[in-house]
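Here is a protein structure to read alongside its sequence. Please look it over before going on to the notes below.

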Amino acid sequence: MTDPNQSSTNRRQFLAAAATAGLALLAGCGSTTGSNNSTNGTPTSTPIPTTSGPARFARAALLGPSTVTLGKPFRLTLEVANVGGETGTLTTNIQVSDGRSDIDQPIERTIDPGERVKIQTDPVQFDIADSYTFNVGISKVSHTVSVQPKTAAFGTTFDLSNRLKGTVKSIEFHPSILYSPASSDQSYLQKPSSDQLLAVIRADLKNVGSQTTALEGSFELTNGELRQTLGSNTPLNAAKIDGTPLIDLELSPRQQRSGWLLGEIPRPKARKAVSIIYQRDTVSTPPEFKWTSTPRQGTRNLPQFTVENFQLPNTAMQGEDATANVTISNEGNSTRTFQGLLETRVGENGDWRSFAPITTRVRPGQSTQQNVTINSSSNGSVSYRLAPLDRTGSIEYVPPTFAFGESYTTTENVEVTLSEFRTADTVAIENNYPDSNEQVSPPTGERFILVHVEATAVGRSGGTPFARGFSLRNGSKTFEQASAVDRSLVTPVEGSLYSGVYDPDENETFSGYLAFSVPQQVPLGELTVEWTSADDSTGGTSESARWTKGGS
């Protein structure tokens, strides 16, 4: 979210500020030599047993609060006694031996025999939350102060840095969120992990300084995690959420930015108090700031949508529009916006593909109906799924049927016309020798069926239908093309065999004949020529059309 070099520099500035403050404030702990004592050094009235000989300092104790809030000043008190027989000067230091800030303050104090003094520091404060251990050089005494984050309810503004103020305003939960990548016109659905919810956290940032600044630390969602992308690697700004995400931003002087963060949290955790924290540094220390949203009744009402109805027609014509009826019910206690996605796939296998987004606002305890227009260029069974609620259904798409002489336009912008549907007892095909033809007869008890195919590219196209995609049907029986007819026809019709091409030019036409062999007893009027196009991604049929005598 930030430039790591800039962030590192700013963290060092924070630490340096804390250390400098500590040195300055502790400077009053020492004293000049002689009988002039620091005003912070107070002798005790309790007599201390002494021994003869030079001054010896013992019975030391370092006292202070165990926990303080970030930025709140506090004092430490060093208690020490001279148990020797002569006046002596205590020369030592108080320093931070463990923690994110370095403080090392010398202390010099003259103490009479049997005297016990209390040396109190000037106020000390820290800008980085951590556990700080202070040591005294004359003995093994120490004191640990835990600097805790500033905490408040949502809506409170904190100084995230010297120039940047931040306010976490609200949090709302969603079972799913729609998004559309900039490079695609498709909608996709971001779903959380099992038994989790997506959380949209809204916040304000304001630069109160005179220089451009960035978000130097990082926000975190307690008991959950914040997302940096959608799907596999789609930027957050593709989400269909009002406003913009608070990522990779710089604020000019006096500029304010409102935006959102996207997180994921277990549903049971979302029912209770939820906190957003801000971490100035990137190590495993407590956060500096913490905003908490507490439900008024102790338990938060969460979105709870169900599918009241998901109705699909049993059959539909391939390539023509049909209607899916979807009814969403809100079983929660407040008005919510449902974001879902109707997905589709051919057959029972394969990957689900985005088809149509569904967004509707539903009042508590009520339901709303959405009619979604659906269609498919595939024939056969096509499945539909309403995500994220996982309600599924299927439609049997029937290929369109035409009379011979009529045309069908494929999804590859090719107009296909079948005509000259006829029988032949034998055919003559070109021979390899000049001025010579070869007579070809069908197997015993069969006859040839001939049909003319014309394919014209009526727009930009990846390819025309290929000959291998055509078959002849009689009820459930399928008849393949006659392998013996493998060259151009001479009689009873004259013309080349149809093949098909890739990438035809617009308005370019390709034509030719197909020959099938069928039992003689099958009437011509009961035969159907069917073209199908295989879908390489699913292995199923993606498109189909039929021609019969008389059409549909």
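Residues are numbered from 1 along each chain as its sequence is written, and side-chain values use heavy atoms, with hydrogens and water left out.

The mean pLDDT (the predictor's confidence in each residue, from 0 to 100) is 88, and 89% of residues reach 70 or more. Residues 1-39 have pLDDT below 50, yet this stretch has 69 contacts (heavy atoms within 4.5 Å) beyond near neighbours in sequence. Residues 536-540 also stay under 50. Where pLDDT is low, the predicted coordinates should not be read in detail.

The whole structure holds 18 aromatic pairs. Rings of Phe, Tyr and Trp (its six-membered ring) pair if their centres lie within 6.5 Å; planes under 30 degrees apart count as stacked, over 60 as edge-to-face and the rest as tilted. Phenylalanine 74 and phenylalanine 134 pair edge-to-face, at 6.4 Å centre to centre and 80° between the planes. Phenylalanine 74 lies in the loop between strands E3 (67-69) and E4 (77-82) and phenylalanine 134 in strand E8 (residues 131-136), so the pair ties together parts 60 residues apart in sequence. Strands (E, at least two residues) are DSSP runs, numbered from the N terminus.

Phe158, Phe219, Tyr278, Phe289 and Trp291 form one aromatic cluster.

Technical notes. Helices (H or I, at least four residues) and strands (E, at least two) are DSSP runs, numbered from the N terminus.
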